[in-house]
Amino acid sequence: MDEYLSEKEQIEKLRNWWSDNGSWVIAGIVLGVALLVGWNAWQGYVIRRAEDASALYTQLSGLIEKGELVAAERDQALDIGQRLKANYAATPYDEQGALALAGLNVDAGFLDEAAAELEYVIENSGDAELSLVARLRLARVRLQQGRLDDADAALVTTDPGAFAARIAELRGDIAIARGDIGGARSAYQEALTQGDAGVVNRVYVQMKLDDLADPATPEPQEAAATDDSTS
């Protein structure tokens, strides 16, 4: 019932409380200020890091958009890619940079180097869709190399998500390379019946499927004409 205490008693009570708790109050204030300053410093660091990574990626994209690169430009692009991985991991830019370098290597015919970039994305990306994009591209690279088991392995995923139709189509292409016509037919049919089949070129997939149709049997008239000529 502090309202009934005299002014002197209230002051004395406050002094006693401060004597017992003042150091904790001060420590709490200091800690709060330190946390606030530290948080602001961390936020500033994150923003600067993202800006630096963005600048490097923009530089890399500018090089790649030029098309055919001379040796010095290619070396510069590869150096930027390595700097993104080394200094800006866990940002979107190192993974996008790896995808860009994979495309650069494919165009130059360096398929193993392209595969290494794509494997980096698969192993390090926290973005499920980006990882699936890398899997599809890696499978195409391995198919181009004739490494069919590796191409199949690249497509193994527990959740194909919106890429199920594309994965099925690519499995059909791999089956064709194996000479597995039945497997290719099943894969193309699966690609066309997926709920996300809109992400593939349905006309093109249907053409692939039609090319695998069983040869037409001779018309009865043709068969009869053949029998007459041999009799």
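**Exercise 1.** Is D79 buried, partly exposed or exposed? Determine also how D79 and R83 are related.

*Solution.* The model is predicted, so local features need pLDDT of at least 70 and side-chain atom pairs count only at pLDDT 80 or more, while totals for chains, interfaces and linings use all residues. Residues are numbered from 1 along each chain as its sequence is written, and side-chain values use heavy atoms, with hydrogens and water left out.

Step 1. Buried means under 20% relative accessible area, exposed over 50%, and partly exposed in between (1.4 Å probe, protein chains only). D79 has a relative accessible area of 41% and is partly exposed. R83, at 37%, is partly exposed.

Step 2. A salt bridge requires a side-chain nitrogen of Lys or Arg within 4 Å of a carboxyl oxygen of Asp or Glu.

Step 3. Helices are DSSP runs of H or I with at least four residues, numbered from the N terminus.

**Exercise 2.** Which salt-bridge network includes R142?

*Solution.* Step 1. R142 pairs with E119 at 3.3 Å, N to O. Because R142 lies in helix α5 (residues 128–145) and E119 in helix α4 (residues 111–124), the pair ties together parts that are 23 residues apart in sequence.

Step 1. R142 is buried at 7% relative accessible area, whereas E119 is partly exposed at 31%.

Step 2. D150 forms a salt bridge with R147, their closest N and O atoms being 2.7 Å apart. Through shared partners, salt bridges join D112, E119, R142, R147 and D150 into one network. The count of salt bridges by this rule is 11.

**Exercise 3.** What span should helix α8 have, and what are its end C-alpha atoms' separation and its buried residues?

*Solution.* Step 1. The expected span is 1.5 Å times one less than the number of residues. For the 13 residues of α8 (residues 181–193) this gives 18 Å, which agrees with the 18 Å between the end C-alpha atoms.

Step 1. A184, A187, Y188, A191 and L192 are the buried residues of α8. Seen down the axis, they fall within an arc of 135° (taken from the directions from the helix axis to the C-beta atoms), so they line one face of the helix.

Step 2. These buried residues pack against α7 (164–178) and α9 (202–211), where contact means heavy atoms within 4.5 Å.

Terms used: Helix = DSSP H or I, 4+ residues; strand = E, 2+ residues; numbered from the N terminus.
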